[in-house]
Amino acid sequence: MAQFYSPKRRVTTRQNSPVLTLTVDNLDPFGQGVAHHNGKAIFVPGVLPGEQAEVQLTEEKNKFAKGRLKRLLSRSPQRVEPRCPHFGVCGGCQQQHADESLQQQSKAAALVRMIARETGVTPLQEPVIAGPQYGYRRRARLGLLWQPKQQRLAMGFRQAASSDLVPVTRCPVLHPELEQLLTPLRSCLSALQVARRLGHVELVLADNGPVLVLRHLDALKEDDRQALQAFARTKNVTIYLAPDSDSLEKLCGETPYYQVDGLRLDFSPRDFIQVNDHVNQQMVAQALEWLSIQPNDRVLDLFCGMGNFTLPLARRAAAVVGIEGVATLVANGQYNAHKNRLNNASFFHENLEEDVEQQPWAAQGFDKVMLDPARAGAAGVMSHIVKLAPERVVYVSCNPTTLARDSKVLLSAGYRLARVRMLDMFPHTGHLESMALFINGSAPEVAAK
């Protein structure tokens, strides 16, 4: 699960730090150019493979250094003009200057390198699962900050390597239905009596329209409520109010939902859903194909959320058990299973970082296992998966490092790494998502499509 931005420590350039002329060899997984000087790797944001540049060093370690682009001396044919006017200042995207093929190629190659280095197995590089490069995000969180000198409300994302807010009027990676709300939304919020006491606003695009969650630090007066309701009517937006991190009040609108595999999943706007709908649809379809579900199969879905994989699996299998550590997601999974008349899907609330051996569901037999953990991976349950000895395991990962680590447990138990595909879930960013298929023993592999 990836944040749209994350505040980082500001890096300042040392006085009199050297300026080097370097040629970048490749990109690292985060989209930084990698050059070499005197046997040391130097990481330089904004420079592409094959380009020569003047680079000022900003940080030096024993084995690597970091630099800042001062002047570009040559241009790669894969360099493109960023669509976003805030690119290079806003911290949301790092790679809009690189074309689609270079971004995907460098990430896919990095994924293969990491797995090969950690496991000794070099998977075949397969086509990337991708969607549109722009207009793909159906979720974003924008900071709100009252500026007393200007007497106005700023709304935007965090600056790269800083906690400063970058006011934005455009965001081309947002779905157009959300992007077109940016300017009128800021105007609406600026006019509220509580404008000086707002925290942030979340935008979510459900299949039945945009959803807005407003974090406010003071109670809203009736005039402010009416102003928000008028905005909702004009823009066809559902609005939720969040007076604190635990409370959520629906001010107006419909319960949001999205569809996957022909199923409707209702959700709360604070629930985790995949940000990129185009990639999610393909990812779920690929997982179903790789698992090769048979009518008599029992399937275990770990870190299941509210059933993004669980419910499509239940349409094909005899029984599916979903395990999730967030209680509200478990409740929503149960609700959606009932609403979609899937009586063979059951959900359990469980911390998968703890010992699960004594849990009732853990003693059941399963033919296939699906897992989609957070960045920390699934170290707590890998040994139990081995004990279950399923025929196939599909692992969806948002962190190639923990995927490689957890893969070693399956490989040492006799599984083979049959397939790996990169998911371009977050174009223009350093996020590297992927999915892998492991097959037990001598079971037949799935033919590549």
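1. Let me start with the sheet. Six strands make up an open sheet with mixed pairing, in the order β1-β5-β6-β4-β3-β2. Helices and strands here are DSSP runs, helices being H or I with at least four residues and strands E with at least two, numbered from the N terminus. Two strands count as paired if DSSP finds at least two bridges between them. The edges are held by β1 (19–23) and β2 (26–27), each with a single partner strand, so one side of each has no neighbour in the sheet. β2 pairs with β3 (residues 33–37) in the antiparallel sense over two bridges, and Leu 27 stands opposite Gly 33 in β3.

2. A word on the model before going further. This is a predicted model, in which local features need pLDDT of at least 70 and side-chain atom pairs count only at pLDDT 80 or more, while totals for chains, interfaces and linings use all residues. Residues are numbered from 1 along each chain as its sequence is written, and side-chain values use heavy atoms, with hydrogens and water left out.

3. Strand β10 (residues 198–206) deserves a look. Eight of its nine residues are buried, so the strand is mostly covered; buried means under 20% relative accessible area, exposed over 50%, and partly exposed in between, with a 1.4 Å probe and protein chains only. β10 pairs in the antiparallel sense with strand β7 (residues 139–147) over five bridges, and there Arg 139 stands opposite Val 204 of β10. β10 is also joined to strand β11 (residues 209–216) by eight bridges, again antiparallel. Glu 202 has Val 213 of β11 as its bridge partner. With two residues between them, β10 and β11 form a hairpin.

4. Another hairpin is built from β12 and β13, with six residues between them. Strand β12 (residues 238–242) and strand β13 (residues 249–252) pair in the antiparallel sense over three bridges. Leu 241 finds its bridge partner in Glu 249 of β13.

5. Now for helix packing. The axes of α3 (residues 182–190) and α4 (residues 222–235) come within 10 Å and cross at roughly 165 degrees. Axes are lines fitted to C-alpha atoms, for helices over the stretch in contact, and angles run from 0 to 180 degrees between N-to-C directions. α3 and α4 are therefore roughly antiparallel to each other; angles under 35 degrees count as roughly parallel, over 145 as roughly antiparallel, 65 to 115 as roughly perpendicular and the rest as oblique. Their crossing is right-handed, a label used if the near helix is turned clockwise from the far one by less than a right angle, with left-handed for anticlockwise. Pro 184, Leu 185, Cys 188 and Leu 189 of α3 meet Ala 227, Leu 228, Phe 231 and Lys 235 of α4, contact meaning heavy atoms within 4.5 Å. By class, the residues of this contact are seven nonpolar, no polar and one charged. Ala, Val, Leu, Ile, Met, Phe, Trp, Tyr, Cys and Pro count as nonpolar, Asp, Glu, Lys and Arg as charged, and the others, Gly among them, as polar.

6. Helices α8 (residues 379–388) and α9 (residues 400–412) have axes that come within 9 Å and cross at roughly 20 degrees. α8 and α9 are therefore roughly parallel to each other, and their crossing is right-handed. On the α8 side, Ala 379, Met 382, Ser 383, Ile 385 and Val 386 make the contact, and on the α9 side Arg 405, Asp 406, Val 409 and Leu 410 do. The contact of α8 with α9 has six nonpolar, one polar and two charged residues.

7. Gly 322 sits in strand β17 (residues 319–324) and counts as buried at 0% relative accessibility. Leaving aside residues up to four places away in sequence, Gly 322 touches Asp 301, Cys 304, Thr 310, Ser 346, Phe 347 and Phe 348. Gly 322 and Glu 354 are 32 residues apart in sequence and 16 Å apart in space, C-alpha to C-alpha.

8. Finally, two backbone angles to check. Most residues other than glycine have a negative phi. Phe 303 is not a glycine, yet has a positive phi of about 55 degrees. Phe 303 lies in the loop between β16 (298–302) and α6 (310–314) and is buried, with a relative accessible area of 17%. Arg 341 has a positive phi near 60 degrees. Arg 341 belongs to the loop between α7 (327–339) and β18 (345–349) and counts as exposed at 75% relative accessibility.
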